[in-house]
Amino acid sequence: MQQKPEILIVEDQFVEANHLRLMLTRAGYPVCGIARSVEDAREIIAVRVPGLVLLDIFLSGEGTGIELAGELRQAQIPFIYLSANSGEETLNAAKATQPYGFLVKPFREKDLLVTMAIARHHEESGLQSQIRKETLFRQQVRRLPEECDDPERCVLQLARALQPLVPFDYFMTRFPTGGEDGGSAWLRIGFDEYQMIGDEEMQTITRLKAHEIRRFRQEMPADPAIVLATGDAFRGRCRHGNIEKLIADTFGMQAQLLLPVPLLISGRGHCLFSFFSRQPQGFTQEHVAIGERLQESLIYTVEKLLPANGSPIAGGGASRHSTPKDAAATAKKNAAKTGFEGIIGRSPLLLTVFDHVAQVAPTDTSVLITGESGTGKESIAEAIHRLSPRRNAPLIKVNCAALPGSLAESELFGHERGAFTGAIDRRIGRFEQAHHGTLFLDEVGDMPLEIQAKLLRALQEQVVERLGASASIRVDTRIIAATNRNLEKEVAAGRFRLDLYYRLNVFPIHLPPLRQRPEDIIALTRHFLDKYSRKSGKPVTHVSNAALQRLLAYCWPGNIRELENLIHRSVLLARSDVLEEIPLPLPVNAQQHVGGTDWHTNTIRENERAHILAVLQKCNGRIRGSGGAAELLGVPPTTLASKMQRLGIKRSHF
């Protein structure tokens, strides 16, 4: 039997702490201590490291449970929060620490034990998943020198093997040679697609000369230790005219992880692997730890790849999307589908979603998909199911927003004949229908509060009970939930259970709105144009440049669903093989005036104020820096601040 971990209770209320201790002792869990404050907890942990911490958010003395949680996470000690319903700000701060669970006071002994069992399962499965990924990487890179005779393809395959462990948008190497250092660089352009960026390509993109590009590569810092640079640290590395600044400015990178690989066998110095991410916090200390663990395998592989006095790739190689062998394999694999599992798009934000889907699909972990209406949450749920070991079992979909409170329990859990008036037959609930498969709870944020408690118990215990039945039924069902609501706000308002939120939010995936990934609009437009021209039998094959520009400038409040409906309508109305006009809806404020009697012409001042407010809202209130309102408006930040003051625009307005 597996030994149960020692538990540290961090709770400032003596009665509650003692009650917890008694429940844990009865269940066979050893309790290594009770702490009333953050300082008390630190002293206990310094002497004896617990296997799990039950942590209240608000404690006596200085510091909160959230502050202690950050230290526990760094020390890789799992923890579960204990608290009453908290406000949205507190909940967001607690969520950021990535707890293993959340228990809402008051709770039953069974709730406590089930939550702890789930926490242990997530810790073990997460560790096992990481071990599997690292083992697979070591196997792949050890076979690489024997299986790969093309130097370019070798480095590309190495990059692909690293992607699940160190997700990157740009990957650059520098190899020591007999003379100048050589290397290569790859830009991620699709889910499993990379484009080599050689010196000629950099010259074309940056308009620099060949010797300037080579100088940038040669001046790449040869740090002997792993370097993690995010936020101010990355901006500091990009202050001077160096390769980091060139890559950041050219490709929009915002974080870097530099991994040196010492060539201990040949004694030729270091090979440098430099990873870049477009996300400001794209790399963490966890990636540093992964890099340290992988160095031994990389040393062996790089030594095998390097010739006696040279680099496997010179910096000026030709740019390709993949090698011929890779292209053939990819084409064969994707012959019957478009995009990633039929999902169209290659924007960096969407590629991050694809990475998360590929990572979580093989597991049984619960997934919470969030995003605005029309962003494709159902398509992502279907992709997760298709890529999972449960793909041959059913995917059962439930629209929680359409469930009336009186019928929700019967719909989810089923009922026996005669359980209530009108129950003339036995009904199998959706949980049972999804046995050995996946249950997709769409719009779970709209579920009635009285059903949420019963759903939570079904998720925790994997047991359902039909209405009118005397026995429980065990089910093996994976849960994927989706919502367009802000569940943190729903929890703070008392409309959604906090413990259910944490039970569903084991692996969150957020889908960006279409306005944040304009790179995908043209590809989506062509996809829908092809789909509906074939469906309607009309030979519409192109969209005019003017129409495409209007599509790119539109804000898409209805996201992909709105774009699809517009293209469908435009195809039906088209009179030639080219869409010249796409009937985009008028802005709300314009609709209010068209055809009305209360018509008003805005002054220049009113138009300027409205335009600045719209841009500020689009930038989430950010004025300075890359992507800020000042940059989009084409004015210095100081000028924008002066205009805001003159026009009476305050932060509360946006």
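Predicted model: local features only at pLDDT ≥ 70, side-chain atom pairs only at ≥ 80, totals over all residues.
Biologist: Why is Arg207 called exposed?

Modeller: Arg207 has a relative accessible area of 77%. Residues are numbered from 1 along each chain as its sequence is written, and side-chain values use heavy atoms, with hydrogens and water left out.

Biologist: What makes the backbone of Arg207 worth a mention?

Modeller: Arg207 is not a glycine, yet its phi is positive, at about 65 degrees. This residue comes just after helix 7, in the loop between helix 7 and helix 8 (210-218). Helices here are DSSP runs of H or I with at least four residues, strands are runs of E with at least two, and both are numbered from the N terminus.

Biologist: Which other residue has a positive phi although it is not a glycine, and is it buried or exposed?

Modeller: That is Trp556, with a phi of about 55 degrees. Trp556 sits in the loop between helix 21 (545-553) and helix 22. Its relative accessible area is 0%, so Trp556 is buried.

Biologist: How do you know that the buried residues of helix 7 line one face?

Modeller: Helix 7 spans residues 199-206, and its buried residues are Asp199, Glu201, Met202 and Thr206. Looking down the helix axis, these residues fall within an arc of 160 degrees, so they line one face of helix 7. The arc is taken from the directions that run from the helix axis to the C-beta atoms. On the other side of helix 7 you find Glu200 and Thr204, both exposed.

Biologist: And what makes the buried residues of helix 21 a face?

Modeller: Ala547, Leu548 and Leu551 are buried in helix 21. Their arc, seen down the axis, is 100 degrees, so these residues also line one face of their helix. Asn545, Gln549 and Ala553 are exposed on the face turned away from that buried side.

Biologist: Why is the contact of Arg26 and Glu109 called a salt bridge?

Modeller: The term needs a side-chain nitrogen of Lys or Arg within 4 Å of a carboxyl oxygen of Asp or Glu. Arg26 lies in helix 1 (residues 14-26) and Glu109 in helix 5 (residues 109-147), so the pair ties together parts that are 83 residues apart in sequence. Arg26 is exposed at 55%, while Glu109 is partly exposed at 28%.

Biologist: How many salt bridges does the structure hold?

Modeller: The structure holds 34 salt bridges. Among them is Glu244 with Arg237, whose closest N and O atoms are 3.1 Å apart. With 2% relative accessibility, Glu244 counts as buried. Another joins Arg515 to Glu372, with closest N and O atoms 2.5 Å apart. Arg515 is in the loop between strand 20 (507-510) and helix 20, and Glu372 is in the loop between strand 12 (367-370) and helix 14, so this pair links parts that are 143 residues apart in sequence. Both partners are partly exposed: Arg515 at 36% and Glu372 at 28%. There is also a network, in which salt bridges that share partners join Glu416, Arg426, Glu432 and Arg466.

Biologist: How many disulfides are there?

Modeller: A search of the whole structure finds zero. A disulfide would be a pair of cysteine sulfur atoms within 2.5 Å.

Biologist: Are Cys238 and Cys400 buried or exposed?

Modeller: Cys238 has a relative accessible area of 10%, so it is buried. Cys400, at 1%, counts as buried too.

How values were computed:
Buried < 20%, exposed > 50% of the residue type's maximum accessible area, 1.4 Å probe, protein only.
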